[in-house]
Amino acid sequence: MTTADVPLWAALPAALLLVCGGLLTLVGSLGLLRLDSFFARIHAPTMGGTLGAGCVLVASMLVSSALAQRLVIHELLITLFVLITAPVTTMMLMRAAIRRSRE
Amino acid sequence: MNALLPLAVNFALACFALSMLCALIRLLRGPAAQDRILALDTLYINGMLTILMLGIGLGSALYFDIALLIALFGFVGSTAMAKFLLRGEVIEP
């Protein structure tokens, strides 16, 4: 079973989601590289972390469900985990940056 | 049969490789420590997405567990380093 065996009803939206997710992640990382200050820079990778990861995980769910001929939704674990933990890290980093810039 | 999905997988793999390159440049160049931690967090998420993409491309379910572990350890590492910047120590007595 390879990706060439995936039926068209699953391959078309999965390919669209993969292209969208890749482009969103690329734009986020380019923002991380190009923006000026740290407080502008912290916004950029969150786009790749939420929307990009969400697109890729939904596409992975589609493809594995179509390959296994049943509903496979264990990728929801990663989605939930990333959605819960990304703001925690960002908030702590932001508070550390505010404290360090004040000194 | 249809070459649409392998094409999209290769395109997304190239996008993630470029994103990891951008994050790596920011990691090496970042002026302050918090920039480097942010770049490392982005690198972790991009690596997790790359592993997932390999799982889709090869049609194997084994890569899912690796991606989950990478997400877990990335969160723990980034939080520990941010806590160290915030407080000066990771585990407070």
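Analyst: Let's start at B:L49, which touches A:T25, A:G48, A:G52, A:A53, A:V56 and B:F16, leaving out residues up to four places away in sequence; contact here means heavy atoms within 4.5 Å. This is a predicted model, with pLDDT of at least 70 needed for local features and 80 or more for side-chain atom pairs, while totals for chains, interfaces and linings use all residues. Residues are numbered from 1 along each chain as written, chains are lettered from A and ligands numbered from 1 in the order written, and side-chain values use heavy atoms, without hydrogens or water.

B:L49 is also among the residues with the most contacts inside the largest nonpolar core, along with A:V6, A:L18 and B:L5; that core has 30 residues. Elements giving it two or more residues are α1 (8-34), α3 (44-68) and α4 (76-102) of chain A, plus α1, α2 and α3 of chain B. (Helices are DSSP runs of H or I, at least four residues, numbered from the N terminus. A nonpolar core is a set of buried Ala, Val, Leu, Ile, Met, Phe, Trp, Tyr and Cys residues joined through side-chain atoms within 4.5 Å, and buried means under 20% relative accessible area, exposed over 50%, partly exposed in between, with a 1.4 Å probe and protein chains only.) Apart from that core lies another, of 16 residues, including A:A96, A:A97, B:L27 and B:L38.

Now the whole interface: 49 residues of chain B are in contact with 52 of chain A. The two chains bury about 4400 Å² between them, 78% of it on carbon and sulfur atoms; that's the accessible area (1.4 Å probe) the two parts lose on being put together, summed over both.

The rule finds one salt bridge across the interface, meaning a side-chain nitrogen of Lys or Arg within 4 Å of a carboxyl oxygen of Asp or Glu. A:R41 forms a salt bridge with B:D35, the closest N and O atoms being 2.3 Å apart. B:D35 sits in helix α2 (residues 33-58) of chain B, and it counts as buried because its relative accessibility is 3%. Besides A:R41, B:D35 touches A:F38 and B:G30, again skipping residues up to four places away in sequence.

For contrast, look at B:L21, in helix α1 (residues 4-29) of chain B. B:L21 counts as partly exposed because its relative accessibility is 45%.
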